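Please look over the sequence and the 3D structure shown here before reading on.

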Amino acid sequence: MNANPIPQHAVDRLKGLRNANHPGGIFTSDFSVNEFLLVRKAGFEPVGLCLGSCIYHVGIQYALWNSSREMEVLSQAMYSARELAMSRMREEAQSMGADGVIGVRLEVKRMEWNAHVLEFVAIGTGVVHATGHQGFKGVKGQPFTSDLSGQDFWTLLHAGYRPLEMVMGSCVYHVARQGALKSMANVGRNVELTNFSQALYDAREIAMERMQHEALQAGAEGVVGVDLHEGSHAWQPHIIEFFAVGTAVKPITTEQDASIIPDPQLVLSVNS
Amino acid sequence: MGFFGITRPDPAAGQRSLERQAVWQQALAQNRLPGFVAERLSGAASGKMPWMATMTPAELLVMRSHGIRPVATVTGTCALHYGFSWTRGHAEGWRTAAARLVEEAELCQANAIVDVKMRTAHLGVGSTMDYTLVGTAVKVEGLPPSTNPIAVTVSTIEFARLLEAGIVPVGLAIGAAYQWLQGDWYSVEGSWSGDNQPLTRLGEFWEGIRREALSDMRIDGHRQGNGVLAHIQFGEMLKREGDQNMASYLARYIIMGTVIDTQDRHPVPHDIRTVVDMRDNADLLGALPRNIYPTDNEEGAI
């Protein structure tokens, strides 16, 4: 007799006896097997893949070649297009009764035929709490969103936090080309180009400030998994988008005492 | 939808950008940071604003259970034009970025900066490079704010692990080397021949640069502790063609690591268990120390 027999219902399912009458229908998810197991271990069940897409015409904004400034029209486009895709994904999650969406991937695709047209896609797996606990909902009772994987979701809950919302900040910045006269003065010298330094510094700073502001609005205690990207979406060479993204988190009920957080053991994985 | 209420270029926004730049200019000239940066950082330190961390939930878990708290994501940027010397310019750029990174950490009353990574934005302007360091400032419970918080390249999880094992991370060691090689490129690159052959001149040249940078880092590390771990690096070789088949090759290599202070044969306070790992993409090779720290083969991170 096998020590760990396959449960009867799983055997039945494999035989095709129950698949026609499964009460909750079927789910689809881009979870891996490990992710699925850990999400389940965390007390959640996937309900379905949620998707939001937005094809956006990004407006045009010119900057003088010698001036550094934020391209606020582009910042706004990049932000609202992502926000639209995210809110459509959230709506889909809500319509399927999900408590949240995890493993969200936020992607930007450029259309070959028009450099101003970008597609923004948000895809993630909607999950529900297995016993219907309502305390995991996000901001204003809406489904929470998070770019954390199933594994990270499990770990986050064990660290005493729950995800609230994916927060982001975008800043598209035009970095001035330095004036020719000024460049001449620099021949043969090592100098800090303060106009470049401050432009790049400021752009990252603005992106982070905006993300922090979003987290504050969401009532978060902090933002985990912060990532700073730079990208130039086929704009002129001196226009760069700085994009900050992360998952805003909040302590589960009141903050857990650190002593009850399990200390991870040192292990050596032997399966890879 | 966020805080944008505009759709057309807004003259006021342009004005605000200019004002912010003026503040930056004044601040950088006085070797300090603008008020709005201080506001974001001290807001996070006091708990009025949310904290921001590059760490994963696993790292958050370890931090919390070890009495360490994330405060804010901190950066240091310096764009440098090296008209005089690539060598000194390159080192100076990274060192200035590191100094600004530490300054931000001080503003948020942190004790350390973990997970320090190198980034660059390619401006496409000759003899110019943007040097940026990004990391997460952390506070250790029960410690007063440090006047000169240490910066380390190790991740948060490894930072806690080191402390737990009685190994003290004490700072950042930087090693850099830059060199020109002149020669006729046919002989340097072996172009006349269709044979397999090692390019000895170029190979020795590049190897020499790497060795020099490593030894530079070792010296820098020796001043601070007795080991340098967790290297992050950036290297590239450029070619400039000259007259009569002559060419100049510029190779530059910079390497940073976390300096540790540890006793000889100090015991590790944990048993090691073997397990089946539930992470995806848990690639054994990827877990080797030389590969976990980003190098220059990925876009964005260098």
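How are helix 2 of chain A and helix 4 of chain A oriented to each other? They are roughly parallel to each other, a term that covers angles under 35 degrees, whereas angles over 145 count as roughly antiparallel, 65 to 115 as roughly perpendicular and the rest as oblique. This is a predicted model, in which local features need pLDDT of at least 70 and side-chain atom pairs count only at pLDDT 80 or more, while totals for chains, interfaces and linings use all residues. Residues are numbered from 1 along each chain as its sequence is written, and chains are lettered from A and ligands numbered from 1 in the order in which they are written.

**Two helices in chain A**

- The axes of helix 2 (residues 33-41) and helix 4 (residues 150-158) of chain A come within 7 Å and cross at roughly 25 degrees, where axes are lines fitted to C-alpha atoms, for helices over the stretch in contact, and angles run from 0 to 180 degrees between N-to-C directions.
- Helices (H or I, at least four residues) and strands (E, at least two) are DSSP runs, numbered from the N terminus.
- In the contact between these helices, Asn34(A), Glu35(A), Phe36(A), Leu38(A), Val39(A) and Lys41(A) of helix 2 meet Gly150(A), Gln151(A), Phe153(A) and Trp154(A) of helix 4, contact being counted if the C-beta atoms of two residues, placed from the backbone, lie within 7 Å.
- The residues of this helix contact comprise five nonpolar, three polar and two charged, with Ala, Val, Leu, Ile, Met, Phe, Trp, Tyr, Cys and Pro taken as nonpolar, Asp, Glu, Lys and Arg as charged, and the others, Gly among them, as polar.

**Where chain A meets chain B**

- The contact draws 72 residues from chain B and 75 residues from chain A.
- On the side of chain B that touches chain A, there are 36 nonpolar, 23 polar and 13 charged residues.
- Strand 10 (residues 267-269) of chain A and strand 9 of chain B run parallel and are joined by three bridges, and two strands pair if DSSP finds at least two bridges between them.
- Within this pairing, Val267(A) has Arg273(B) as its bridge partner.

**Domains of chain B**

- Chain B is divided into domain 1 (13-166) and domain 2 (176-262), with bounds that come from an automatic or database domain assignment.
- The centres of these domains, taken over C-alpha atoms, are separated by 28 Å.
- Eleven residues of domain 1 of chain B are in contact with 13 residues of domain 2 of chain B, and helix 4 of chain B gives the most to the domain 1 side, with five residues.
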